[in-house]
Amino acid sequence: MERLPRFTAAAVQSSPVFLDPAATVEKAVSLMAEAASHGAELIVFPEVFVPGYPYWNWTMNPVQGSPWFERLWRASVDIPGPHVDTLRAAARRHGVVLVIGVNERSPHSLGVLYNTLLTIGPDGGLLGVHRKLVPTWAEKLTWTGGDGSSLKVHATPVGPLGVLACGENTNTLARFTLLAQGELVHAASYIALPVAPEDYDMADAIAVRTAAHSFEGKLFSVVACSTISPEIVDTVAGDDEDVRRMLARPRSALSGIFGPDGRPVTEPLVDDEGIVYGEIDLAKCVQPKQMHDIVGHYNRFDVFRLHVDNTPRSPVVFTADPAHQATAPTLPADDIPLAGTPKEDS
């Protein structure tokens with residue numbers, strides 16, 4: 001009988017050291033050590049944890065927010081780069097699978113930013129770089145959308161793992177794309193959203209989305225959300241009391257672990273900083289599939305068909321006589337060396 005992974009997962013609910021990538025990565029490494037000391041083999045961090053979320057898009061007009069965009073760009077991450085190397089080394093040191101959100105600077109255009117989720121293996125290998133496909137609402141003032149090439153499920157020691165960022169978890173076709181690749185563990189990263197309309201309960205919204213994907217796919221979901229620190233309030237709101245009250249709004253964050261029945265396996269964490277731990281046993285995904293397997297017997301692929309264009313998109317494509325066109329070697333993502341770090345753990 002095939003032995004399916006059984007392990008402890010950790011969902012980190014925390015705030016970054018706002019707009020300070022080095023200090024935020026240092027905080028992430030410390031939280032990873034804490035989670036690993038509690039036996040976690042999968043650790044999931046919030047959306048754009050490094051170095052934070054552009055709340056000014058919601059509280060200022062675009063002209064007022066433009067200098068803040070430049071400030072965020074200057075504090076963002078290059079891939080590959082030293083901040084990613086530090087995270088990879090920490091994952092290798094603790095032997096954990098890591099999912100963490102970063103603001104990624106584009107290598108081809110000064111000023112382009114992506115909302116990116118990194119998936120890092122326990123050997124420090126960079127397994128995935130997923131760029132959020134569609135920035136949500138006011139986020140379009142900051143991020144460029146990614147492409148379908150990163151909609152992948154990765155083989156990891158904790159099982160087949162897929163990731164989506166925040167509002168992507170409402171995209172039925174994106175979720176189905178991961179399920180159809182055999183996803184059994186889903187990492188969903190969010191930001192605290194106190195800036196939504198007053199009748200919008202972000203904690204409920206996260207719980208509903210997470211439960212839906214877990215139940216529909218008969219899998220486990222680990223959802224991690226950021227928090228709003230006093231530092232973020234002071235930085236974004238300044239002396240504006242209306243914005244300060246908005247950023248203090250309760251039920252803006254929820255983190256937890258949900259099972260294939262759609263229920264949380266342990267009590268989720270709402271608003272407060274902390275780490276939620278939960279036991280995941282992938283054997284529990286088998287029997288529920290007998291009832292509803294939407295990527296198997298409980299579908300009609302002669303009636304429905306999903307086509308996904310997973311072509312990597314580039315702003316320019318050069319064509320030339322093949323006889324005179326040099327081909328540059330491509331280094332697989334998980335073979336990118338860690339700059340300045342040894343191959344063996346010390």
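In this predicted model, an open sheet is built from 6 strands in the order S5-S4-S3-S2-S1-S12, and the pairing is mixed. Strand S5 (126-131) and strand S12 (274-281) are the edge strands, each pairing on one side only. From one strand to the next, the twist averages 25°. Within the sheet, strand S3 (residues 97-105) and strand S4 (residues 113-120) run antiparallel and are joined by 8 bridges. Ile100 stands opposite Leu118 in S4.

Aromatic rings are the next topic. A pair of such rings is described by the distance of the centres and the angle of the planes. The count comes to 6 aromatic pairs, including the two in this table.

| Pair | Centre to centre | Angle between planes | Type |
|---|---|---|---|
| Tyr53 and Tyr55 | 4.7 Å | 65° | edge-to-face |
| Trp58 and Trp137 | 5.3 Å | 80° | edge-to-face |

Tyr53 has a relative accessible area of 3%, so Tyr53 is buried. Tyr55 is also buried, at 1%. The pair of Trp58 and Trp137 is edge-to-face because the planes of the rings stand at 80°, over the cut-off of 60 degrees. This pair links distant parts of the chain: Trp58 belongs to helix H2 (residues 56-59), while Trp137 sits in the loop between S5 and strand S6 (154-156), 79 residues apart. Trp137 is exposed, with a relative accessible area of 57%. One aromatic cluster is formed by Phe18, Trp56 and Trp68.

The second largest pocket has a volume of about 260 Å³. Its lining has 14 residues, and Leu173, Phe176, Asn299, Phe304 and Leu306 lie nearest the centre. Helix H5 (residues 172-179) gives the largest share of this lining, 5 residues. By type, the lining of the second largest pocket divides into 9 nonpolar, 2 polar and 3 charged residues.

Definitions and conventions:
Residues numbered from 1 in each chain as written. Predicted model: local features only at pLDDT ≥ 70, side-chain atom pairs only at ≥ 80, totals over all residues. Heavy atoms only, no water. 1 Å grid on protein atoms, 1.4 Å probe; cavity = no way out; pocket = protein on both sides within 12 Å on 5 of 7 lines; lining within 4 Å. Points joined across faces, edges and corners; volume = space filled by probe spheres on them. Helix = DSSP H or I, 4+ residues; strand = E, 2+ residues; numbered from the N terminus. Nonpolar A, V, L, I, M, F, W, Y, C, P; charged D, E, K, R; others polar. Pairing = 2+ DSSP bridges. Axes fitted to C-alpha atoms, helices over the stretch in contact; angles between N-to-C directions. Phe/Tyr/Trp six-rings, centres within 6.5 Å; stacked < 30°, edge-to-face > 60°. Buried < 20%, exposed > 50% of the residue type's maximum accessible area, 1.4 Å probe, protein only.
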